[in-house]
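Subject: Structure handover

Hello,

Here is the structure I promised to pass on. My notes follow below it.

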Amino acid sequence: DYQARVLLVPPPLSTPLPGSDIKVSPRIIFNIAAVKSNQINMENPMFTSEVTPDTYSYYDALRQTEPMERFGNVDLLTDPNTGKEIQICHLVGLSVFNFLDGAALDWTYLGASSIEMAIHHFNTGDGSVVPAFQDIHKRCPIRLTSEWLDTRASAFSALRTLTDVVTRTSNKPCAIIGATFSSVSLLTSTLSSVHGYPQISWVSASSDLNVRDPRPLFSRTMVSTDSFGRAAIQLLNTQLNYQHITVLYLNDNFGNAYLRSFVGLASRLGINTRLVPFDDGMSPEEARDVIAEVKKGGYRCIFVILTTSGQLEVLLKEGFVQGVVGPDYFWLAGNGVIPSMGLSYPKG
């Protein structure tokens, strides 16, 4: 619901976090507005330069100017506008706004902007999207603030940056949001749990994250790859009656976890599978070899496990060249595909 109400303008990243070369944007809000009757309401008070309780930056400003007392994972302070004590819960978001090679993802900007709008509605008691938020600021003393860190889709970079956050002596977080990729969440969720911070991901799906012992404070708002696998088998076998399937899968944590779920179910049903891995960022030569393996198998059903539209574009273009994309073949992407900026697809 929130994603449908976001006006998205991808921003440049701001200054690097101290002690790290990973750049940080303290706000991903930039141009975000409520949409009513399909119209952008640019007169929304969150856009005004004056800082008032209805503006987006009000509670951020309070955190910078008012004395606070740390209590557990929240900061206690007195709101000068009401004279009442409030509890500031500072959220730190981990997402991938740019890959290490510089490629940007507009999907993650959209997700972060949607979260930012939800935060604003929670803080101001705006129930226009979520009715339960109506006047919640009058009943609940908690206010949310946030900052976002660009992980660059690198677990090492994310760990280094998050270590700076969870060990800093001021501006401490209340909880961690993210990460985007399962390989990043697997490591950062352990670090967050060690330091006592809950971490919630809205997109990391690997079933490896089901193991609770290394990450007792981790949770997510989506199903795991086990559920993905069951749904895919239900469609391809039960409904479409395919008994021979080529599985073209991304060779990373997410892809391998999804593969285990899919192949495990397929083998129990007697479905023949041919497994063809590929790596993110593969060269044209590597793409030719991958599709040649797909063609060699001779199966007409090609089930693809990937994460971005850039990967899909490379595979489909090379598949068309080698004759395995067309009316005689059925291709199915096994999960939502993250759109990358600047990609276009020719008609047909």
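The largest nonpolar core has 20 residues. Such a core is a set of buried Ala, Val, Leu, Ile, Met, Phe, Trp, Tyr and Cys residues joined through side-chain atoms within 4.5 Å. Buried means under 20% relative accessible area, with a 1.4 Å probe and protein chains only. Leu91 and Trp148 have the most contacts inside this core. At least two residues each come from strands E5 (74-78), E6 (85-95), E7 (142-150) and E8 (175-177) and from helix H2 (106-124). H2 gives the most, with five residues. Helices (H or I, at least four residues) and strands (E, at least two) are DSSP runs, numbered from the N terminus.

A second, separate core has 19 residues, including Ile233, Leu236, Cys301 and Ile305.

The model is predicted: local features need pLDDT of at least 70, side-chain atom pairs count only at pLDDT 80 or more, and totals for chains, interfaces and linings use all residues. Numbering runs from 1 along each chain as its sequence is written, and side-chain values use heavy atoms, leaving out hydrogens and water.

Now the helix pair. H6 (residues 225-239) and H7 (residues 253-268) pack at about 45 degrees, with axes 8 Å apart. Axes are lines fitted to C-alpha atoms over the stretch in contact, and angles run from 0 to 180 degrees between N-to-C directions.

Best wishes

Terms used
Buried means under 20% relative accessible area, exposed over 50%, partly exposed in between (1.4 Å probe, protein chains only).
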